[in-house]
Amino acid sequence: MSRPTVDDGTVPPGGGQAGSAPLLGGAPEPTIFELSHPGRSAWSFRTTGIPETPLADLIPADQLRPEPPALAEVSERDLVAHVTRLTHRQFSVDLGAYPLGSCTMKYNPKVCDTVASLPGLTAVHPSAPASLTQGWLALLVELEEALCAVTGMAAATLQPAAGAAGELTGLLLMRAWHRSRGEDRHKVIIPDSAHGTNPASVTLGGYEVVTVPSDPRGCVDMRALRTVLDGDVAGIMLTNPNTLGLFEEDIAEIASAVHEVGGLLYYDGANLNAILGIVRPGDMGFDVVHLNLHKTFATPHGGGGPGAGPVAVSERLAPFLPGPRPVRLDGDGLEPSYGWAVPDQSIGRMHSWHGNALVLARALAYILLHGRDGLRQVAEVAVLNANWIRHRLSGTYDVPFDRPCMHEVVLSVRDLRREHGVRAMDVAKAMLDTGFHAPTVSFPLIVEEALMIEPTETESPQTLASLATALEAIAAQARRDPDALHAAPRTTPVGRVDEARAARRLIATFDAR
Ligand SMILES: *Cc1c(COP(=O)(O)O)cnc(C)c1O
């Protein structure tokens, strides 16, 4: 490969890639391919004495590529520098406030990572017999019980790998329950403010989506709901507080109306930050709940890596849960105390082995760390912080539903757009120049030019004040010099991306030549 390398003194140009803009001024940073030099590699273990099996003995010749892939050849030193430079271009929950509404991007205590790194947990093979993995089984059973206590449900599965996987699991459980009663229902109701995964999961689960509108309060329109309720409705999927950050005031009435036609209530508990220790979906009348452990319970998310979307259910749905499930055995104290059991009418597996086990370990650590009172405090502070932001910014931005919110608040940039041509996206991009991550934009879909802010409980009053000050300064600039905002961000490694071109003429490869 004849690419320029840094050691002959010529720092190569960045190849016109937006990502290669210099971080600290000076020459653009080289890409990994530009650092490549034939024959370089990192240290590796090659002294085992076991002869290496030639590839051709392992893979049929016609499946082998004719020549090796054009991977970069770099020294370990250059590779580490390259990757470290890249990590410094990232924004993360460890770096600062990340108020991305509907996503609960919050700082997660490092002690949970410490727990998830314990060799007693990491060094266990998933197929080891129950008699040798009693500790793991105890952890899984305790977590299921804790999640049932938090949600007011009777039983849970820890298998689903993410929120959307939990949704699909929940819908399959709903179908299994209806079928066990000899019924084949076809429709699932979803409010128009719902998270996009809800209609996607309903469709994937083989159901038809029926949308109900929100009323002027931002809640489910009860009258519209009653018109679509009939014997073909398998259930309704709701988030409460809903995706506008508002509590569904009529939840008890909704629950009885849906149950009256034989439907079930599904609670999208991806974001439990607002209700932890205060109110339980089970008490609101829900039958199925999924939780995103990677939002509320101490696993960072959004940058890849595993998540977990456990599903908790009421007594009548428990026989259908995915199996095998970790269970407590009533032994005489000499036999193992935990084992595996497959529920009678199980819908089958939703994940190999035990789900994303180390995410589960983090979640139990987080729950035990906080205890009952601590979890309640998480919710109280999350709600207080969101309301503080709402109150402070209500003079600067439009607040479409200006009443006490839960863990997040939705603002609108529609006035700035009308008067100065500044959109929610411009405000979000300008935020990146202030050292904060942007809030969610253009969601929920029913609010024009939405900015959805979820400060979370982990941010201090000082951080909240700086966040609000940054948003106020951006609004002031929108009035003074709107064009400057169209050009934001200016200080990030990648500037404003042409989203239309990125979608229509996507170039997903790097041409190394
Ligand atoms: C994040 C989220 C989901 C989806 O969770 P994933 O783990 O991303 O699949 C579903 N519903 C709501 C309300 C969410 O915020």
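Visitor: Before we start, what do you mean by "partly exposed"?
Guide: Buried is under 20% relative accessible area and exposed is over 50%, with partly exposed in between. Keep in mind that we are looking at a predicted model.

Visitor: Got it. So where does arginine 217 fall, buried, exposed or partly exposed?
Guide: Arginine 217 has 28% relative accessibility, so it counts as partly exposed.

Visitor: And which residue does arginine 217 form a salt bridge with?
Guide: Its partner is aspartate 250, and the closest N and O atoms are 2.9 Å apart. Arginine 217 sits in the loop between β3 (208-212) and α8 (222-228), while aspartate 250 sits in the loop between β4 (233-238) and α9 (251-260), so the bridge ties together parts that are 33 residues apart in sequence.

Visitor: Is aspartate 250 buried or exposed?
Guide: Aspartate 250 is buried, at a relative accessible area of 19%.

Visitor: How accessible are glutamate 253 and arginine 226?
Guide: Glutamate 253 is partly exposed at 37% relative accessibility, and arginine 226 is partly exposed at 43%.

Visitor: Let's switch to strands. Is β4 mostly covered or uncovered?
Guide: Mostly covered: 6 of the 6 residues in β4 are buried.

Visitor: Which strands does β4 pair with?
Guide: One is β2 (residues 187-191), which runs parallel to β4 and is joined to it by 3 bridges. Here lysine 187 has valine 233 of β4 as its bridge partner. Another is β5 (residues 264-269), also paired with β4 in the parallel sense, over 4 bridges. In that pairing, leucine 238 stands opposite tyrosine 267 of β5.

Visitor: Last topic, domains. How is the chain divided?
Guide: Domain 1 covers 1-26 + 97-107 + 409-453 + 458-513, domain 2 covers 29-87 and domain 3 covers 133-368.

Visitor: How far apart are the centres of domains 2 and 3?
Guide: The C-alpha centres of domain 2 and domain 3 are 44 Å apart.

Methods. Residues are numbered from 1 along each chain as its sequence is written. This is a predicted model: local features need pLDDT of at least 70, side-chain atom pairs count only at pLDDT 80 or more; totals for chains, interfaces and linings use all residues. Side-chain values use heavy atoms; hydrogens and water are left out. A salt bridge is a side-chain nitrogen of Lys or Arg within 4 Å of a carboxyl oxygen of Asp or Glu. Helices (H or I, at least four residues) and strands (E, at least two) are DSSP runs, numbered from the N terminus. Buried means under 20% relative accessible area, exposed over 50%, partly exposed in between (1.4 Å probe, protein chains only). Domain bounds come from an automatic or database domain assignment. Two strands pair if DSSP finds at least two bridges between them.
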